[in-house]
Amino acid sequence: MKKILIVDDDPNIRDYLVSLLEDNGYATCTANDVQDGLRAAKEHKPDLITLDLEMPGEWGPRFYRQLSQDNELKNTPVIVISGQSGNDYAISKAVASLSKPFDRDELLSIIKENII
Amino acid sequence: MAENILLIEDSESHARALQLYLERSGVTVVVGRTLDEMMFKRRAKEFDILLINPFLNGQSICSHIKEAKQYNKLLQVIVLCLKKNLDQAMDEVGTHAINFLEIPVSSKALNLAIMHARKCISNEQRISIYSERLADLEHDRTLYHQLFNQVPCYISIQNQDLRLIGGNSLFQKDFGNAIGEYCYEIYKHRTSSCPTCPVMKTFSDGKSHSTEEVVTALSGQQYHVLTQTAPIFDDNGEITQVMEISTDITKIRQLQGHLSSLGLMLGSMSHGVKGMLTALDGGIYQLESGLKNNNPERIDNAFELIKQMADRIKKMVLEILYYAKSRKLEYKSVDVVKLVETVISTVSNLARKNCVQIEAEIPESLGEFDIDSNWLQSALINLAENAVEACKYDTVRTKSHLVKFILWEDEKKRVCLSIKDNGMGIAQETREKMFTLFFTSKGSQGTGLGLFIANHVVQQHGGNISVESTLGEGTTFKVCLPRKKHEDSLAPFTRMMVQI
């Protein structure tokens, strides 16, 4: 079973993504900030990561920079899901950027395309 | 000028001789021998000079001469008569004639009389032109004076020293009769001229200049004005005075401030709004899938989440609506105790969920007060919710949390409500900013509008909010409100807008 790491500070949105992804046959793990997310990534070696940009403390782009410095994790596809408009440029190597509130089917099809 | 002369004389030979004599000097002469025949009253306007013997066939027609003068004010009358009648003619015609000549008329006397008549005619014509012009001038003067006064701007005239030497009605109404005073003293209460004085620039280059200023009227009211100047030249083309026209643009500035802060607010809140909408989507998804899979636990959770999100979105939308529309309060007489009880019961659910106890010290009755219950109630609920949340976010979990409401009437007969919690307390820095727009200590949970609006609503009602707080020990909010409608109910909001 493919595993997806969800990084978002809003518990309601984390719950939503967990239910949605598990219902569609993925395993999930969650993190509520950047440091927590990096720890979880190292521990679970997820197949894909969904990342919020604006979180208390450090923001999403910092997570991505540190992730790409880790040889084991740097090829993990990242999908940005954030409330910021014009977020396409915040993490240019992300496989996709969705803005909240996002379209469920769009997210699922992007995951399908990018999870190997 | 060739005059038209009407000659009335009953002696045909005498008339003929006069006519010939006069026509030689180039004037037109019409001769009549009886008054009736000539009907000179009607034709009086056609002639410049009336040469008349007022004793036609021995009968006096002096009264008719006066009538003729009434028809033609410019008509010059020269009377001809026999020496014996001269005295009577003078008595009867008097000043209506300019000359009295004795028959037989000497040509010298006649020439002089005609010349005199000419002079009188030209003088009178000139006078009539002058008086027409004078009437026009007077009319224009009144018109321009009226224009000057009725212009809905402040207009003042200033000299080289920047002293006021004139002002229109609106200027005098709002800034007083300030003739002789310095412009900067009257408009801006300064002791020296403004650094960028458009009037001085106009004195030096003769062109129009403009600035934007904030001026203070006699009433203390401040106006944002757009000031434009124009030079006033004297007969030699020198600029001796400058006119300053100031247009009140306070409302436009307020609107701009309002719009820009609204834009700022929407921008700063969009993150929160998007989060809520996503969570709402999540709730709907979970409700849907819970129903499909018949999973009651998921359905319950989803329903709870949807309710929570709907509440938060509703609250935020109402706050935006309040802010977007500066509205008049709709006062109604409301029972004090009932209102406070509604407030308490509204937050008791939130308190129960967070294990916060509620206590209330409320008298049986405190009568009624005039308020807009919609807004005042939501302002008080906001304060009460803050108190519960201060307990909810308190990190000292061992404390048993309590929010206490006390309602009373103070010595000024005002209705006072204190809301005291033993939650986390508010730091000094936060306390200073807590009533300002967009300030929030709750991160994405807050809009930064709640306390701003609560404070504003209470101020609109003529009341005030005070805060006492110790970090780690708790906070007390005290709201005091007058019982009667506050007259100046709209002003505080506009004043606040300008400060943003």
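User: Which residue stands opposite N4(B) in β2(B)?
Analyst: T28(B) stands opposite N4(B). Keep in mind that this is a predicted model.
User: In what sense do strands β1 and β2 of chain B pair?
Analyst: They pair in the parallel sense, over five bridges. β1 covers residues 4-8 of chain B, and β2 covers residues 28-32.
User: Through which helix does the chain cross from β1(B) to β2(B)?
Analyst: The chain goes through helix α1 of chain B, residues 12-24. This β-α-β crossover is right-handed.
User: New topic: the open sheet in chain B. What is the order of its five strands?
Analyst: The order is β9-β8-β12-β11-β10, and the pairing is antiparallel.
User: Which strands stand at the edges?
Analyst: β9 (164-167) and β10 (210-216) of chain B do. Each has a single partner strand, so one side of each has no neighbour in the sheet.
User: What does the twist average from one strand to the next?
Analyst: The twist averages 30°.
User: How many bridges join β11 to β12 in chain B?
Analyst: Nine bridges join them, and the two strands run antiparallel. β11 spans residues 222-233 of chain B, and β12 spans residues 239-248.
User: What is the bridge partner of T227(B) in β12(B)?
Analyst: S246(B) is the partner of T227(B).
User: Now helices. At what angle do α13 and α15 of chain B pack?
Analyst: The angle is about 135°, with the axes 9 Å apart. α13 is residues 373-392 of chain B, and α15 is residues 450-460. At that angle, α13(B) and α15(B) are therefore oblique to each other.
User: Is their crossing left-handed or right-handed?
Analyst: The crossing of α13(B) and α15(B) is left-handed.
User: Which residues make the contact?
Analyst: α13(B) brings W375(B), L376(B), A379(B), N382(B) and L383(B). From α15(B) come G450(B), L451(B), I453(B), A454(B), V457(B) and V458(B).
User: How do those residues divide into nonpolar, polar and charged?
Analyst: The contact of α13(B) with α15(B) has nine nonpolar residues, two polar and no charged.
User: Last one: the two chains. How many residues of chain A are in contact with chain B?
Analyst: 16 residues of chain A are in contact with 14 residues of chain B.
User: Which helix gives the most to that side of chain A?
Analyst: Helix α1 of chain A, residues 11-23, gives the most, with seven residues.
User: And how does that side divide by residue type?
Analyst: The side of chain A that touches chain B has six nonpolar, four polar and six charged residues.

Note on methods:
Residues numbered from 1 in each chain as written. Chains lettered and ligands numbered in written order. Predicted model: local features only at pLDDT ≥ 70, side-chain atom pairs only at ≥ 80, totals over all residues. Axes fitted to C-alpha atoms, helices over the stretch in contact; angles between N-to-C directions. Helix = DSSP H or I, 4+ residues; strand = E, 2+ residues; numbered from the N terminus. Parallel < 35°, antiparallel > 145°, perpendicular 65-115°, else oblique. Left-handed = near helix turned anticlockwise from the far one by under 90°. Contact = placed C-beta atoms within 7 Å. Nonpolar A, V, L, I, M, F, W, Y, C, P; charged D, E, K, R; others polar. Pairing = 2+ DSSP bridges. Right-handed = clockwise from strand over helix to strand, strands pointing away.
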